[in-house]
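Subject: Structure for you to look at

Hello,

Here is the structure I promised to send over. Please have a look at it, and then read on for my notes.

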Amino acid sequence: MARRKLVAGNWKMHGLGADLGEATRISMSAETLDGVDVALCVPFTLIERAVEAAPGFAVGGQDVHHEEKGAFTGSISAAMLKDAGASLVIVGHSERREAFAETSETVAAKAAAALAGDLDVIVCVGESLDVREAGNALETVSAQLIASLPETFDTDCLSVAYEPIWAIGTGKVAGPEEIEEMHGHLRRQVAAARGEEIAGALRILYGGSVKGENADTILHLSDVDGALVGGASLTADQFVPIMKAGQA
Ligand code: PEP
């Protein structure tokens with residue numbers, strides 16, 4: 001079964017109201033494309049205005065709390081994201097795993113909370129340079145992935161992003177063989193843990209310095225079902241060529 005590609009942007013802690021013209025341009029371009037899903041995950045403060053600036057377009061958050069509500073100062077629940085107009089959320093980005101000490105168990109709880117709140121979810125995994133250089137990337141990332149998946153999920157609503165930490169925002173891209181090897185390995189491990197049907201339908205995106213110049217190659221590698229894009233998603237000029245590369 002062919003998996004429809006997903007190209008998602010992650011604005012991280014970038015963007016003010018004045019930047020929403022980019023979201024409008026990106027959404028208008030997405031409407032003209034065939035066979036590819038496109039989404040933008042913006043800061044919490046922009047979600048509602050991004051939905052207004054890009055009606056009908058998939059706008060998401062970049063994190064969610066795993067509890068439904070409560071005394072969690074500064075956190076945002078799935079219901080709050082949904083209420084603001086979000087349709088998806090990223091969980092387990094390496095920047096959050098590192099800076100906020102998020103474990104895979106927390107990430108799995110966040111993913112479950114997002115799905116229960118009717119949000120699609122992108123679960124991120126990836127290894128550090130030390131782990132890659134020690135030759136432990138495959139087993140480290142697959143263990144991280146299996147521990148980060150919620151108990152149950154529908155592959156229409158949950159995607160995985162493999163993002164080697166050493167490739168994020170560095171301009172270094174994992175080589176085609178490294179990407180194919182990791183994506184194939186992750187799919188086999190998901191098959192072993194959750195069954196062939198789920199593994200066959202699961203979208204596994206690549207993230208880490210994806211740009212217009214390398215998107216075509218990356219998005220046509222076997223087992224690559226899309227891209228999670230940081231820096232190059234901030235402007236339509238840079239993001240649209242990546243979206244186009246994801247077309248069927
Ligand atoms: C990311 O933050 O998920 C990412 C892949 O960033 P960049 O594209 O800037 O490397």
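This is a predicted model: local features need pLDDT of at least 70, side-chain atom pairs count only at pLDDT 80 or more; totals for chains, interfaces and linings use all residues.

**Strands and a helix**

Strand β5 pairs in the parallel sense with β4 (residues 88–91) over four bridges, and Val91 has Val123 of β5 as its bridge partner. Strand β6 (residues 158–162) also runs parallel to β5, joined to it by five bridges; here Val121 stands opposite Leu158.

Helix α11 spans residues 236–245, and its buried residues are Ala236, Phe239, Val240, Ile242, Met243 and Ala245. The elements that cover them include the strands β1, β2 and β8 as well as the helices α1 and α10.

**The ligand**

There are 14 residues around the ligand, and those that come nearest are Lys12, Glu163, Gly169, Ser209 and Gly230. Ser209 has a backbone N or O atom 2.8 Å from an oxygen atom of the ligand. For Gly231, a backbone N or O atom lies 2.9 Å from a ligand oxygen, whereas His93 uses an N or O atom of its side chain, 2.9 Å from an oxygen atom of the ligand. Taken alone, the ligand exposes 300 Å², and the protein buries 98% of that.

**Salt bridges**

The structure holds 15 salt bridges. One of them is between the side chains of Arg3 and Asp223, at 3.6 Å from N to O. This pair links distant parts of the chain, 220 residues apart: Arg3 is in the segment before β1, and Asp223 is in the loop between α10 and β8. Arg3 counts as partly exposed because its relative accessible area is 22%, and Asp223 is also partly exposed, at 23%. Both belong to a network of salt bridges that links Arg3, Arg187, Asp223 and Asp225.

Asp37 and Arg4 form another salt bridge, with their closest N and O atoms 2.6 Å apart. Again distant parts of the chain are linked, as Asp37 in strand β2 and Arg4 in the segment before β1 are 33 residues apart. Asp37 is partly exposed at 25%, and so is Arg4 at 43%.

What about Arg96 and Glu102: how far apart are their closest N and O atoms? They are 2.9 Å apart, in a salt bridge. Arg96 is partly exposed, with a relative accessible area of 23%, whereas Glu102 has 10% and is therefore buried.

Best wishes

Key:
Residues are numbered from 1 along each chain as its sequence is written. Side-chain values use heavy atoms; hydrogens and water are left out. Two strands pair if DSSP finds at least two bridges between them. Helices (H or I, at least four residues) and strands (E, at least two) are DSSP runs, numbered from the N terminus. Buried means under 20% relative accessible area, exposed over 50%, partly exposed in between (1.4 Å probe, protein chains only). Contact means heavy atoms within 4.5 Å. A residue is near a molecule or strand if one of its heavy atoms lies within 4 Å of it. A polar contact is a pair of N or O atoms within 3.5 Å; within protein, one must be able to donate a hydrogen and the other to accept it, and residues adjacent in sequence count only if both atoms are side-chain atoms. Accessible areas come from the Shrake-Rupley method with a 1.4 Å probe; for residues, only the protein chains shown count as cover. A salt bridge is a side-chain nitrogen of Lys or Arg within 4 Å of a carboxyl oxygen of Asp or Glu.
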